[in-house]
Amino acid sequence: MNDDKNKKSALTVNSGIPQPPSISLDSVSKFIQKKKKQYTVDEYVRGIVHGDIKILSQAITIIESYLEEHQQIAREIIEKCLPYSGKAKRIGITGIPGVGKSTLIETFGKHITDQNLKLAVLAIDPSSEKSKGSILGDKTRMEDLSIDNNAFIRPSPSAGTLGGVAHKTRETIILCEAAGFDVIFIETVGVGQSETVVHQMVDVFLLLMLTGAGDELQGIKRGIMEMADLFVITKADGTNARKAVITKAQVENAIHFFPATDSGWIPRVQTCSAQKKQGISEIWNSILEYYEILNKNKFLENKRLEQSRYWMYEAINDVLRSKFYNNHEIKSKLRTIEADLMQGSISSYTAAMNLLKEYFKEM
Ligand code: GDP
(Lines give C-alpha, C1' and ligand atoms only; values in the text may rest on other atoms or scores of the structure.)
Protein backbone atom coordinates (compact mmCIF):
# COMPACT_ATOMS: atom_id res chain seq x y z
CA MET A 1 0.00 0.00 0.00
CA ASN A 2 1.37 3.33 -0.96
CA ASP A 3 0.90 5.49 2.08
CA ASP A 4 2.63 8.44 0.51
CA LYS A 5 -0.36 9.23 -1.71
CA ASN A 6 -2.77 9.52 1.19
CA LYS A 7 -0.39 11.14 3.57
CA LYS A 8 -1.52 14.65 4.35
CA SER A 9 1.22 17.06 3.59
CA ALA A 10 1.49 20.45 5.14
CA LEU A 11 1.68 21.74 1.60
CA THR A 12 -1.69 20.35 0.55
CA VAL A 13 -4.11 23.08 -0.37
CA ASN A 14 -7.50 22.29 1.09
CA SER A 15 -10.46 23.16 -1.08
CA GLY A 16 -12.22 24.80 1.90
CA ILE A 17 -15.78 26.04 1.89
CA PRO A 18 -17.09 27.88 -1.15
CA GLN A 19 -16.55 31.62 -0.85
CA PRO A 20 -19.42 34.03 -1.39
CA PRO A 21 -19.07 36.52 -4.24
CA SER A 22 -17.60 39.84 -3.22
CA ILE A 23 -20.06 41.87 -1.15
CA SER A 24 -21.75 44.71 -2.95
CA LEU A 25 -24.50 47.04 -1.77
CA ASP A 26 -26.82 45.34 -4.26
CA SER A 27 -26.18 41.90 -2.84
CA VAL A 28 -26.65 43.16 0.73
CA SER A 29 -29.93 44.83 -0.23
CA LYS A 30 -31.11 41.65 -2.02
CA PHE A 31 -30.12 39.60 1.02
CA ILE A 32 -32.12 41.84 3.38
CA GLN A 33 -35.13 41.68 1.10
CA LYS A 34 -34.86 37.88 0.91
CA LYS A 35 -34.85 37.59 4.70
CA LYS A 36 -38.19 39.38 4.86
CA LYS A 37 -41.35 37.67 3.75
CA GLN A 38 -41.95 38.45 0.11
CA TYR A 39 -45.50 39.40 -0.74
CA THR A 40 -47.11 39.54 -4.14
CA VAL A 41 -48.20 42.96 -5.42
CA ASP A 42 -51.82 42.14 -4.58
CA GLU A 43 -50.88 41.04 -1.06
CA TYR A 44 -49.05 44.33 -0.56
CA VAL A 45 -52.00 46.32 -1.81
CA ARG A 46 -54.50 44.36 0.30
CA GLY A 47 -52.31 44.80 3.39
CA ILE A 48 -51.91 48.54 2.77
CA VAL A 49 -55.61 49.12 2.17
CA HIS A 50 -56.36 47.24 5.41
CA GLY A 51 -54.01 49.62 7.23
CA ASP A 52 -51.36 46.98 8.01
CA ILE A 53 -48.43 49.16 9.10
CA LYS A 54 -45.84 46.40 8.75
CA ILE A 55 -46.78 45.79 5.13
CA LEU A 56 -46.97 49.54 4.50
CA SER A 57 -43.42 49.96 5.86
CA GLN A 58 -42.13 47.13 3.70
CA ALA A 59 -43.80 48.56 0.62
CA ILE A 60 -42.18 51.95 1.33
CA THR A 61 -38.80 50.20 1.59
CA ILE A 62 -39.43 48.75 -1.87
CA ILE A 63 -40.29 52.21 -3.17
CA GLU A 64 -37.06 53.54 -1.70
CA SER A 65 -34.95 50.78 -3.25
CA TYR A 66 -32.98 51.58 -6.38
CA LEU A 67 -32.97 47.96 -7.60
CA GLU A 68 -34.73 47.68 -10.95
CA GLU A 69 -36.78 44.63 -9.85
CA HIS A 70 -38.02 46.53 -6.79
CA GLN A 71 -38.88 49.60 -8.84
CA GLN A 72 -41.06 47.48 -11.10
CA ILE A 73 -42.97 46.05 -8.09
CA ALA A 74 -43.16 49.55 -6.54
CA ARG A 75 -44.75 50.97 -9.69
CA GLU A 76 -47.40 48.25 -9.68
CA ILE A 77 -48.18 48.76 -5.98
CA ILE A 78 -48.50 52.52 -6.49
CA GLU A 79 -50.78 52.15 -9.51
CA LYS A 80 -53.06 49.82 -7.57
CA CYS A 81 -53.10 52.07 -4.50
CA LEU A 82 -53.88 55.22 -6.49
CA PRO A 83 -57.68 54.71 -6.51
CA TYR A 84 -57.62 54.61 -2.70
CA SER A 85 -55.49 57.74 -2.34
CA GLY A 86 -56.14 61.47 -2.29
CA LYS A 87 -58.24 61.80 0.84
CA ALA A 88 -55.64 63.00 3.34
CA LYS A 89 -54.74 66.54 4.29
CA ARG A 90 -51.18 67.00 3.04
CA ILE A 91 -49.38 69.51 5.20
CA GLY A 92 -45.83 70.77 4.57
CA ILE A 93 -43.78 72.00 7.53
CA THR A 94 -40.51 73.86 7.11
CA GLY A 95 -38.18 76.16 9.03
CA ILE A 96 -34.51 76.54 9.85
CA PRO A 97 -32.83 73.97 12.16
CA GLY A 98 -33.68 74.76 15.77
CA VAL A 99 -36.87 76.68 14.99
CA GLY A 100 -38.87 73.97 16.75
CA LYS A 101 -40.16 71.72 13.97
CA SER A 102 -39.93 68.40 15.77
CA THR A 103 -41.33 69.84 19.01
CA LEU A 104 -44.28 71.31 17.13
CA ILE A 105 -44.83 68.12 15.13
CA GLU A 106 -44.93 66.21 18.39
CA THR A 107 -47.46 68.55 20.08
CA PHE A 108 -49.47 69.36 16.97
CA GLY A 109 -49.36 65.68 15.97
CA LYS A 110 -50.77 64.68 19.36
CA HIS A 111 -53.53 67.27 18.98
CA ILE A 112 -54.48 65.52 15.73
CA THR A 113 -54.19 61.91 16.91
CA ASP A 114 -56.18 62.76 20.07
CA GLN A 115 -59.12 63.45 17.76
CA ASN A 116 -58.75 59.84 16.63
CA LEU A 117 -57.31 60.92 13.30
CA LYS A 118 -54.45 58.93 11.82
CA LEU A 119 -51.27 60.90 11.18
CA ALA A 120 -48.24 60.01 9.03
CA VAL A 121 -45.06 62.04 9.43
CA LEU A 122 -42.72 61.92 6.44
CA ALA A 123 -39.60 63.95 5.81
CA ILE A 124 -37.38 65.19 3.03
CA ASP A 125 -33.88 65.77 4.21
CA PRO A 126 -31.68 67.47 1.62
CA SER A 127 -28.54 66.91 3.69
CA SER A 128 -28.95 63.13 3.53
CA GLU A 129 -27.71 63.21 -0.05
CA LYS A 130 -24.27 64.00 1.31
CA SER A 131 -24.35 62.38 4.71
CA LYS A 132 -26.26 59.25 3.57
CA GLY A 133 -28.07 59.44 6.87
CA SER A 134 -31.27 61.14 7.77
CA ILE A 135 -31.78 63.64 10.51
CA LEU A 136 -35.44 64.34 9.92
CA GLY A 137 -38.46 62.29 10.81
CA ASP A 138 -36.26 60.67 13.41
CA LYS A 139 -38.38 58.85 15.98
CA THR A 140 -36.16 59.83 18.88
CA ARG A 141 -37.09 63.45 18.24
CA MET A 142 -40.78 62.66 18.62
CA GLU A 143 -40.98 60.40 21.63
CA ASP A 144 -44.74 60.53 22.32
CA LEU A 145 -45.76 60.37 18.70
CA SER A 146 -43.49 57.41 18.00
CA ILE A 147 -45.46 55.24 20.44
CA ASP A 148 -48.86 56.60 19.41
CA ASN A 149 -50.98 53.96 17.63
CA ASN A 150 -52.54 56.64 15.46
CA ALA A 151 -49.17 57.91 14.24
CA PHE A 152 -46.69 56.57 11.72
CA ILE A 153 -43.27 58.19 11.44
CA ARG A 154 -41.01 57.51 8.49
CA PRO A 155 -37.60 59.16 8.13
CA SER A 156 -36.41 60.73 4.90
CA PRO A 157 -35.26 58.37 2.16
CA SER A 158 -31.53 58.69 2.55
CA ALA A 159 -30.02 58.08 -0.85
CA GLY A 160 -30.27 59.80 -4.19
CA THR A 161 -30.74 63.27 -5.54
CA LEU A 162 -33.26 65.69 -4.05
CA GLY A 163 -35.51 65.06 -7.06
CA GLY A 164 -35.26 61.30 -6.60
CA VAL A 165 -35.94 61.50 -2.88
CA ALA A 166 -38.91 63.79 -3.54
CA HIS A 167 -40.39 61.29 -6.00
CA LYS A 168 -40.14 58.53 -3.46
CA THR A 169 -41.77 60.69 -0.79
CA ARG A 170 -44.60 61.57 -3.13
CA GLU A 171 -45.21 57.89 -3.81
CA THR A 172 -45.09 57.21 -0.07
CA ILE A 173 -47.89 59.78 0.36
CA ILE A 174 -50.05 57.71 -2.01
CA LEU A 175 -49.43 54.52 -0.01
CA CYS A 176 -50.11 56.27 3.32
CA GLU A 177 -53.37 57.65 1.99
CA ALA A 178 -54.39 54.22 0.73
CA ALA A 179 -53.58 52.92 4.23
CA GLY A 180 -56.18 55.33 5.62
CA PHE A 181 -54.07 58.14 7.07
CA ASP A 182 -56.15 61.29 7.49
CA VAL A 183 -53.32 63.77 7.83
CA ILE A 184 -49.80 63.67 6.39
CA PHE A 185 -47.02 65.96 7.56
CA ILE A 186 -44.05 66.41 5.30
CA GLU A 187 -41.20 68.00 7.16
CA THR A 188 -38.16 69.60 5.61
CA VAL A 189 -35.32 71.83 6.73
CA GLY A 190 -35.62 75.37 5.50
CA VAL A 191 -32.36 75.69 3.68
CA GLY A 192 -33.32 76.17 0.06
CA GLN A 193 -34.45 73.86 -2.72
CA SER A 194 -36.21 71.26 -0.63
CA GLU A 195 -39.06 73.66 0.21
CA THR A 196 -39.90 73.95 -3.47
CA VAL A 197 -40.27 70.20 -3.89
CA VAL A 198 -42.28 69.89 -0.67
CA HIS A 199 -44.48 72.80 -1.75
CA GLN A 200 -45.22 70.85 -4.93
CA MET A 201 -46.59 67.87 -3.03
CA VAL A 202 -48.62 69.44 -0.22
CA ASP A 203 -51.96 71.27 0.00
CA VAL A 204 -50.95 73.70 2.70
CA PHE A 205 -47.50 74.94 3.62
CA LEU A 206 -46.42 76.02 7.12
CA LEU A 207 -43.32 78.13 7.61
CA LEU A 208 -42.04 78.18 11.18
CA MET A 209 -40.13 81.27 12.31
CA LEU A 210 -38.28 82.24 15.45
CA THR A 211 -39.38 85.05 17.73
CA GLY A 212 -37.48 88.26 18.05
CA ALA A 213 -35.15 87.55 15.16
CA GLY A 214 -36.90 89.93 12.85
CA ASP A 215 -33.78 91.31 11.17
CA GLU A 216 -34.18 90.69 7.46
CA LEU A 217 -36.81 88.15 8.46
CA GLN A 218 -34.23 85.61 9.55
CA GLY A 219 -32.59 85.35 6.16
CA ILE A 220 -35.58 83.45 4.80
CA LYS A 221 -35.77 83.94 1.07
CA ARG A 222 -38.74 85.91 -0.16
CA GLY A 223 -39.56 83.08 -2.58
CA ILE A 224 -40.01 80.71 0.33
CA MET A 225 -42.14 83.20 2.24
CA GLU A 226 -44.35 83.58 -0.82
CA MET A 227 -44.98 79.83 -0.78
CA ALA A 228 -46.22 79.81 2.82
CA ASP A 229 -49.93 79.65 3.61
CA LEU A 230 -49.41 79.85 7.33
CA PHE A 231 -46.56 81.52 9.23
CA VAL A 232 -46.05 80.16 12.71
CA ILE A 233 -43.90 82.09 15.17
CA THR A 234 -42.57 79.39 17.50
CA LYS A 235 -41.53 79.37 21.18
CA ALA A 236 -43.96 82.15 22.10
CA ASP A 237 -43.59 81.55 25.83
CA GLY A 238 -41.82 83.09 28.84
CA THR A 239 -39.80 86.15 27.93
CA ASN A 240 -40.28 85.30 24.28
CA ALA A 241 -44.05 85.78 24.39
CA ARG A 242 -43.89 89.56 23.92
CA LYS A 243 -41.22 89.35 21.25
CA ALA A 244 -43.39 86.86 19.40
CA VAL A 245 -46.17 89.43 19.09
CA ILE A 246 -43.69 91.94 17.62
CA THR A 247 -42.32 89.36 15.17
CA LYS A 248 -45.88 88.45 14.19
CA ALA A 249 -46.57 92.11 13.35
CA GLN A 250 -43.33 92.36 11.36
CA VAL A 251 -44.16 89.28 9.30
CA GLU A 252 -47.72 90.47 8.75
CA ASN A 253 -46.32 93.75 7.54
CA ALA A 254 -43.90 92.04 5.16
CA ILE A 255 -46.42 89.67 3.60
CA HIS A 256 -48.95 92.45 3.20
CA PHE A 257 -46.94 93.55 0.16
CA PHE A 258 -46.85 90.10 -1.45
CA PRO A 259 -48.98 89.59 -4.53
CA ALA A 260 -52.51 88.34 -3.80
CA THR A 261 -53.00 84.59 -4.01
CA ASP A 262 -55.39 83.01 -6.55
CA SER A 263 -56.74 80.53 -4.04
CA GLY A 264 -58.89 82.98 -2.11
CA TRP A 265 -56.85 82.24 1.00
CA ILE A 266 -55.00 85.09 2.67
CA PRO A 267 -51.81 83.82 4.35
CA ARG A 268 -51.92 84.12 8.13
CA VAL A 269 -49.40 84.65 10.87
CA GLN A 270 -49.88 82.90 14.22
CA THR A 271 -47.83 82.41 17.35
CA CYS A 272 -47.53 79.21 19.33
CA SER A 273 -45.66 77.45 22.07
CA ALA A 274 -45.30 73.76 21.38
CA GLN A 275 -43.76 73.28 24.81
CA LYS A 276 -46.67 74.95 26.63
CA LYS A 277 -49.20 73.56 24.15
CA GLN A 278 -50.48 77.05 23.36
CA GLY A 279 -51.74 78.18 19.95
CA ILE A 280 -51.89 74.60 18.69
CA SER A 281 -55.65 74.26 18.18
CA GLU A 282 -55.58 77.69 16.50
CA ILE A 283 -53.11 76.33 13.89
CA TRP A 284 -55.37 73.34 13.28
CA ASN A 285 -58.43 75.59 12.96
CA SER A 286 -56.67 77.76 10.39
CA ILE A 287 -55.78 74.67 8.40
CA LEU A 288 -59.41 73.49 8.51
CA GLU A 289 -60.56 76.92 7.32
CA TYR A 290 -57.98 76.79 4.53
CA TYR A 291 -59.42 73.47 3.34
CA GLU A 292 -62.96 74.76 3.56
CA ILE A 293 -62.18 77.71 1.30
CA LEU A 294 -60.07 75.74 -1.19
CA ASN A 295 -62.54 72.86 -1.39
CA LYS A 296 -65.45 75.19 -1.95
CA ASN A 297 -63.86 77.04 -4.87
CA LYS A 298 -62.30 73.81 -6.26
CA PHE A 299 -58.85 75.36 -6.01
CA LEU A 300 -57.48 72.35 -4.16
CA GLU A 301 -58.55 69.96 -6.88
CA ASN A 302 -56.80 72.14 -9.47
CA LYS A 303 -53.75 72.58 -7.29
CA ARG A 304 -53.30 68.80 -7.03
CA LEU A 305 -53.75 68.41 -10.80
CA GLU A 306 -51.13 71.11 -11.39
CA GLN A 307 -48.83 69.27 -9.01
CA SER A 308 -49.33 66.03 -10.96
CA ARG A 309 -48.35 67.87 -14.11
CA TYR A 310 -45.24 69.25 -12.38
CA TRP A 311 -44.20 65.73 -11.28
CA MET A 312 -44.76 64.27 -14.72
CA TYR A 313 -42.30 66.76 -16.20
CA GLU A 314 -39.92 66.23 -13.30
CA ALA A 315 -39.97 62.48 -13.99
CA ILE A 316 -39.27 63.06 -17.68
CA ASN A 317 -36.41 65.44 -16.85
CA ASP A 318 -34.93 63.05 -14.31
CA VAL A 319 -34.97 60.06 -16.65
CA LEU A 320 -33.59 62.04 -19.59
CA ARG A 321 -30.83 63.53 -17.46
CA SER A 322 -29.76 60.25 -15.92
CA LYS A 323 -29.88 58.35 -19.26
CA PHE A 324 -27.80 61.10 -20.88
CA TYR A 325 -25.12 61.29 -18.19
CA ASN A 326 -24.91 57.51 -17.79
CA ASN A 327 -24.51 56.93 -21.53
CA HIS A 328 -21.13 55.35 -22.15
CA GLU A 329 -20.17 57.40 -25.22
CA ILE A 330 -21.37 60.64 -23.67
CA LYS A 331 -19.36 59.99 -20.52
CA SER A 332 -16.06 59.85 -22.40
CA LYS A 333 -16.92 62.61 -24.87
CA LEU A 334 -18.01 64.89 -22.05
CA ARG A 335 -14.52 64.90 -20.58
CA THR A 336 -12.91 65.89 -23.90
CA ILE A 337 -15.44 68.57 -24.69
CA GLU A 338 -15.22 69.95 -21.16
CA ALA A 339 -11.43 70.21 -21.54
CA ASP A 340 -11.88 72.07 -24.87
CA LEU A 341 -14.34 74.41 -23.20
CA MET A 342 -12.00 75.15 -20.32
CA GLN A 343 -9.23 76.00 -22.79
CA GLY A 344 -11.52 78.49 -24.44
CA SER A 345 -11.56 76.72 -27.80
CA ILE A 346 -15.30 76.14 -27.82
CA SER A 347 -18.35 77.99 -26.47
CA SER A 348 -20.67 76.54 -23.81
CA TYR A 349 -23.59 76.39 -26.23
CA THR A 350 -21.61 74.63 -28.98
CA ALA A 351 -20.16 72.20 -26.44
CA ALA A 352 -23.64 71.34 -25.19
CA MET A 353 -25.04 71.04 -28.72
CA ASN A 354 -22.24 68.73 -29.84
CA LEU A 355 -22.96 66.38 -26.98
CA LEU A 356 -26.71 66.49 -27.45
CA LYS A 357 -26.34 65.84 -31.18
CA GLU A 358 -24.20 62.86 -30.36
CA TYR A 359 -26.87 61.56 -27.98
CA PHE A 360 -29.93 62.28 -30.10
CA LYS A 361 -28.30 61.25 -33.37
CA GLU A 362 -31.10 62.76 -35.44
CA MET A 363 -30.75 66.29 -34.01
P1 GDP B 1 -36.00 71.63 14.94
O2 GDP B 1 -34.54 71.52 14.72
O3 GDP B 1 -36.62 72.68 14.08
O4 GDP B 1 -36.72 70.31 14.83
O5 GDP B 1 -36.22 72.17 16.43
P6 GDP B 1 -36.54 71.39 17.79
O7 GDP B 1 -37.98 71.01 17.86
O8 GDP B 1 -35.54 70.30 17.95
O9 GDP B 1 -36.32 72.54 18.87
C10 GDP B 1 -35.09 73.21 19.01
C11 GDP B 1 -34.96 73.72 20.45
O12 GDP B 1 -36.00 74.63 20.74
C13 GDP B 1 -35.05 72.60 21.49
O14 GDP B 1 -34.11 72.84 22.48
C15 GDP B 1 -36.46 72.74 22.01
O16 GDP B 1 -36.57 72.30 23.35
C17 GDP B 1 -36.72 74.23 21.91
N18 GDP B 1 -38.16 74.49 21.70
C19 GDP B 1 -38.97 73.94 20.78
N20 GDP B 1 -40.23 74.37 20.93
C21 GDP B 1 -40.23 75.23 21.96
C22 GDP B 1 -41.25 76.02 22.62
O23 GDP B 1 -42.44 76.00 22.27
N24 GDP B 1 -40.84 76.82 23.63
C25 GDP B 1 -39.55 76.88 24.06
N26 GDP B 1 -39.26 77.68 25.07
N27 GDP B 1 -38.57 76.13 23.49
C28 GDP B 1 -38.90 75.32 22.47
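Predicted model: local features only at pLDDT ≥ 70, side-chain atom pairs only at ≥ 80, totals over all residues.

Student: OK, so is K361 buried or exposed?

Tutor: K361 counts as exposed, because its relative accessibility is 59%. E329 is partly exposed at 45%.

Student: Which residue does K361 form a salt bridge with?

Tutor: E329, with the closest N and O atoms 3.6 Å apart. That pair links distant parts of the chain: E329 is in helix α15, while K361 sits in the segment after α16, 32 residues apart. Salt bridges with shared partners also join E329, K333, E358 and K361 into one network.

Student: How many salt bridges in the whole structure?

Tutor: A search finds 13. One of them pairs the side chains of E64 and R154, at 3.1 Å from N to O. E64 lies in helix α4 and R154 in the loop between β3 and α9, so this pair ties together parts 90 residues apart in sequence. R154 is buried, at 14% relative accessible area.

Student: Switching topic: which residues come nearest to the ligand?

Tutor: G98, K101, T103, K235 and D237, out of 14 around it.

Student: What does the side chain of T103 do there?

Tutor: One of its N or O atoms is 2.5 Å from a ligand oxygen. For K101, a backbone N or O atom lies 2.8 Å from an oxygen of the ligand. The protein covers 70% of the 570 Å² of accessible area that the ligand has on its own.

Key. Residues numbered from 1 in each chain as written. Heavy atoms only, no water. Near = heavy atom within 4 Å. Polar contact = N/O pair within 3.5 Å; in protein donor to acceptor, adjacent residues only side chain to side chain. Areas by Shrake-Rupley, 256 points an atom, 1.4 Å probe, with all protein chains shown as cover. Salt bridge = Lys/Arg side-chain N within 4 Å of Asp/Glu carboxyl O. Helix = DSSP H or I, 4+ residues; strand = E, 2+ residues; numbered from the N terminus. Buried < 20%, exposed > 50% of the residue type's maximum accessible area, 1.4 Å probe, protein only.
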